[in-house]
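Try each task before you read its solution.

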Amino acid sequence: MIAAWIKVRIKPEKRQEFLDAIEVDALGSERDEPGCARFNVLQDVEDQNVYYFYEVYRDEAARAEHRSAPHYAVWKAAAHTLDETQSEDLHLVGYCVGGSMVATALAYLAQNPEHPLADRIASCTFFTSQF
């Protein structure tokens, strides 16, 4: 499983357009994608312009399938609703095989400090399961 916790800041004047687009993507993801186990959208209780997405996919192929879905195109077309003037730290989560992939990405970033994400990773949490 691959889990992603994504924080976005929206432009206040674009709130309704953002909400309309992310609703299409979140509902379409859970309804139409067998590889999507969860897609939650949460609003920050302290800052009404901050939202979090919690997405869980079966594997990288399911995540790639998500990015080619028609409902994702609706979301992608609304990217202008995001306020990207404030760079945020990234907090990564890796579960099972997804944890191996996150570890590989961290190793890559450590070897490539010029990469734009290299200095934005603030934390990483790894989960595992035992049978």
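Buried means under 20% relative accessible area, exposed over 50%, and partly exposed in between (1.4 Å probe, protein chains only). Helices (H or I, at least four residues) and strands (E, at least two) are DSSP runs, numbered from the N terminus. This is a predicted model, where local features need pLDDT of at least 70, side-chain atom pairs count only at pLDDT 80 or more, and totals for chains, interfaces and linings use all residues. Residues are numbered from 1 along each chain as its sequence is written, and side-chain values use heavy atoms, leaving out hydrogens and water.

**Exercise 1.** Find the buried residues of H4 and say how they are arranged around the axis.

*Solution.* Step one: pick out Gly98, Gly99, Val102 and Leu109, the buried residues of H4. Step two: they cover an arc of only 100° (taken from the directions from the helix axis to the C-beta atoms), so they sit on the same side of H4. Step three: turn to the other side of H4, where Val97, Thr104 and Gln111 are exposed. Step four: look for the cover over the buried residues, which includes E1, strand E4 (90-95) and strand E5 (121-127).

**Exercise 2.** Work out the strand order of the open sheet of three strands.

*Solution.* Start from pairing, which requires at least two DSSP bridges between two strands. The order is E1-E3-E2, with antiparallel pairing. Strand E1 (2-9) and strand E2 (36-43) are the edges, each pairing on one side only. Finally, E2 and strand E3 (residues 50-57) share seven bridges, and Asn40 stands opposite Tyr54 in E3.

Conventions:
Contact means heavy atoms within 4.5 Å.
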